[in-house]
Amino acid sequence: MSRRMEESVEMSASRPFLEPRPEASGGPDRLVATLARHGRFAAAATLLSTARCTTRALNSLLAALCSSPAFLRAAPSVLLRAAPHAAPDAATFRILTSALCRARRPAAAADLLRCMPALLLDPDPRHCRAVLTSLCRCAPAADALAFLDDMRRRWGVSPSRADHHAVLDALLRDGMAAEAYEVVATQMDADGVAPGLPEFERLLRAFSENRSFDAVDEAFDEMLLRGIVPGARAYDAYVGALCDRGDLAGARRMLRCMDRAGSPPGVTTFGVVVAGCVVAGEVGAAREVAQEAVRRGLRWDALALSELVGAMRAGGHLARARELLLEDILRDGCAAGLDASAFQQLIGGGGLCGGRGRRSGRRDTDVLAAGR
């Protein structure tokens, strides 16, 4: 927030509280509104500073000024000139903060809201949430997190699930997974919003991508302690983390744990373990896992197969898995309708470096499903 804006708010706070006057239906107020509506901003500001105009006239001028980012910078001087006669009210702050958010300056809008208590004003919940949404989109995640705390502590506004989700999005976007976990595991409960499976799935993926394996364990355990039943994506993230840390035995045990929990692993989860074994150089173990999936009647469709091949290709391990893919998966484990010749081309010869499908800009799933 600019220094002039701070001075204008401080000046309004330092003078005695004015009893609201009845709004005039004519006279200076109407003239100020008319001048502002016709773009005569300088004349309107002069009249506002010399005549006894009301807050309504001030807001009319500010609304007209703030309709264009080019005139937003004039708002502080208007507030200063109006200070002897018109005190800002909640509507004044809504006009200014909305304009700042539209101008992608939500941090200034948040600072302005923090000045409201000095005028014996508090922002309403909808006002707070609008600024929070803008902070989550346009400002560093740490600013959004601090404002969420202000909503709760300064103004008694209980953050909603949507508010927490917006802050969670911002924190994960900025790589602040630990802070995101604190929001989910602690703050949401304190605000009366119980976290659910979607929040924990996102945390598991974020910690796994950061290779924060201890945090993966903690988040998974917290989810189970809360009685939340993991879904396929949560299991995939957890099993993938086990593979990434080299705990292949633990990953294979988790497949059996899923059976006992009544959530038998699907082909995607088996694919995560197959890829993990290949990356670790345990091709024999990978074949055992793939064969187990086939024995269960599972089949890789174009999407699942594309993910499996992509995981192996990303680490440069596709060559060592060629026999596994051709004999155990293509021959026995593929869903009907896949183009076998395209699959062989994808994983053999030029396919090891991306294949013709890659050079032509086609996705693996498009190549594999071409025979349908």
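Modeller: A salt bridge here is a side-chain nitrogen of Lys or Arg within 4 Å of a carboxyl oxygen of Asp or Glu. The model is predicted, so local features need pLDDT of at least 70 and side-chain atom pairs pLDDT 80 or more, while totals for chains, interfaces and linings use all residues. Residues are numbered from 1 along each chain, and side-chain values use heavy atoms, without hydrogens or water.

The structure holds 19 salt bridges. One of them joins the side chains of Asp 191 and Arg 152, at 2.7 Å from N to O. Asp 191 belongs to the loop between helix 11 (177-190) and helix 12 (197-209), and Arg 152 to helix 9 (residues 141-153), so this pair ties together parts 39 residues apart in sequence. Helices are DSSP runs (H or I, at least four residues) numbered from the N terminus. Asp 191 is buried, with a relative accessible area of 13%, whereas Arg 152 is partly exposed at 22%. Buried means under 20%, exposed over 50% and partly exposed in between (1.4 Å probe, protein chains only).

A second pair is Glu 288 and Arg 252, whose side chains meet at 3.0 Å, N to O. Glu 288 sits in helix 17 (residues 283-295) and Arg 252 in helix 15 (residues 248-260), so the bridge connects parts that are 36 residues apart in sequence. Both ends count as partly exposed: Glu 288 has 43% relative accessibility, and Arg 252 has 28%.

Helix 15 also supplies Asp 259, whose partner Arg 296 lies in the loop between helix 17 and helix 18 (302-314). The closest N and O atoms of Asp 259 and Arg 296 are 2.5 Å apart. This pair links distant parts of the chain, 37 residues apart. Asp 259 is partly exposed at 31% relative accessibility, and Arg 296 is likewise partly exposed, with a relative accessible area of 33%. Elsewhere, salt bridges with shared partners join Asp 111, Arg 114, Asp 150 and Arg 154 into one network.

For context, consider helix 16 as well. Among the buried residues are Val 267, Phe 270, Val 274 and Cys 277. Just after helix 16, Gly 281 adopts a positive phi of about 85°.

Conventions:
Helix = DSSP H or I, 4+ residues; strand = E, 2+ residues; numbered from the N terminus.
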